[in-house]
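Subject: Structure handover

Hello,

The structure is placed below, and my notes on it follow. Please read them alongside the coordinates.

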Amino acid sequence: MRQLLRARRLLTERGWLDDHQIHIEDGIIAEIEPIPSGVMVHDADLLCPAYIDIHVHGGAGVDVMDEAPDTLDKLAMHKAREGVANWLPTTVTAPLPDIRKALERIAHRYHSGGPGAQVLGSYLEGPYFTPQNKGAHPPELFRELELSELDELIAISQQTLRVVALAPEKPGALQAIEHLKQRNVRVMLGHSAATWEQTRAAFDAGADGHHVHPASMKLCCCCAKDRLVLITDAMQAAGMPDGRYTLCGEEVEMHSGIVRTASGGLAGSTLSVDAAVRNMVELTGITAEEAIHMASLHPARLLGIDRHLGSLAVGKRADAIALNSGLHLQQIWIQGQALPL
């Protein structure tokens, strides 16, 4: 099946191309070329790579940990409506049997496919944290790091576990990081009270990064613009009205789009990826193309899948979005197929 998408401006890894078109064959970009003279109809004002969200707990009223058979389908459609073509369903700290079941469901969705944004694998957030910065995670369910347990979870995920978040000051953390890296699993640092020395040692062992406060956005752009990855950390309340929801089995409440626990701590977010891109442009002054790369090319590089995803290039999957001049989503194509928004 052959398709054609024309744009007034098309974003590549090298920058914008004016009045270009992409040819799509069987869901793959086969050619990028100038639009023939005299052609006035365009499919997009700005044609850009679709977004990749590597940290998603929930949205549209459902949670990755929910056992309902259509949960991941609902979430996949919700993510597609914010410009996401690929995503990592993310677990939370819970009893180990519940985590195992969630990894099994995610693996099944990865292999079977389905509507909306495509599942790239799973992200294990917790239970390997420390109580000092627990967030919404229940500390009574935190576990010690054991290599055999990590191998068991990788096996249960059918080798689709892509990322593990842990606290680097836990006993055995450095060995666990090296162990996971050897198995092609990325490691993030979070919910941690680690010292600078402990954090530095974790990076040296192969950890990829950590959560930062929004006040650090400009500083991060100055120091590490090419390595920044935008995520949502979205939970069940994303895309929903204010009210009461749950996260990690705990009741939380959303007011004006901000979700907090009963003690006042933040409980995930209700951010969408397209809003995150606009925030970066508006709050830090970086260019639109730099912000878009942070939500597409950079996460693909982080996961080691940028040969196939993350940018509009010949040979890559035809995952694209149409944006207007304000960077608001107009249309999404996943593997060349347009989805209704």
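A residue is called buried at under 20% relative accessible area, exposed at over 50%, and partly exposed in between, using a 1.4 Å probe and protein chains only. This is a predicted model, in which local features need pLDDT of at least 70 and side-chain atom pairs count only at pLDDT 80 or more, while totals for chains, interfaces and linings use all residues. Residues are numbered from 1 along each chain as its sequence is written, and side-chain values use heavy atoms, with hydrogens and water left out.

Overall form

The protein chain has 9 helices and 19 strands; these are DSSP runs numbered from the N terminus, with helices (H or I) of at least four residues and strands (E) of at least two. Its radius of gyration is 20 Å, which agrees with the value near 20 Å that a compact globule of 341 residues would have. That radius is taken over C-alpha atoms, and the globule rule is 2.2 Å times the number of residues to the power 0.38. Along the principal axes, the C-alpha atoms occupy a box of roughly 65 × 40 × 40 Å.

Of the 341 residues, 53% are buried. Among contacts (heavy atoms within 4.5 Å) with a separation of 6 or more, 65% are between residues 24 or more positions apart.

As for charge, the chain carries 30 positive and 42 negative side chains, and the centres of the two sets are 2 Å apart. Lys and Arg count as positive and Asp and Glu as negative, without His and the chain ends; each charge is placed at NZ of Lys, CZ of Arg, CG of Asp or CD of Glu.

Local features

Helix 1 (residues 71-80) is largely enclosed by the rest of the structure, because 8 of its 10 residues are buried. Among them are L72, L75 and M77.

There is 1 aromatic pair. The ring centres of F129 and F142 are 6.1 Å apart with the planes at 90 degrees, so the pair is edge-to-face. For this, rings of Phe, Tyr and Trp (its six-membered ring) pair if their centres lie within 6.5 Å; planes under 30 degrees apart are stacked, over 60 edge-to-face, and the rest tilted. F129 and F142 both lie in the loop between strand 10 (122-125) and helix 3 (147-156), so the pair ties together parts 13 residues apart in sequence. Both residues are buried.

P241, in the loop between helix 6 (217-224) and strand 14 (243-247), is exposed, at 55% relative accessible area.

Regards
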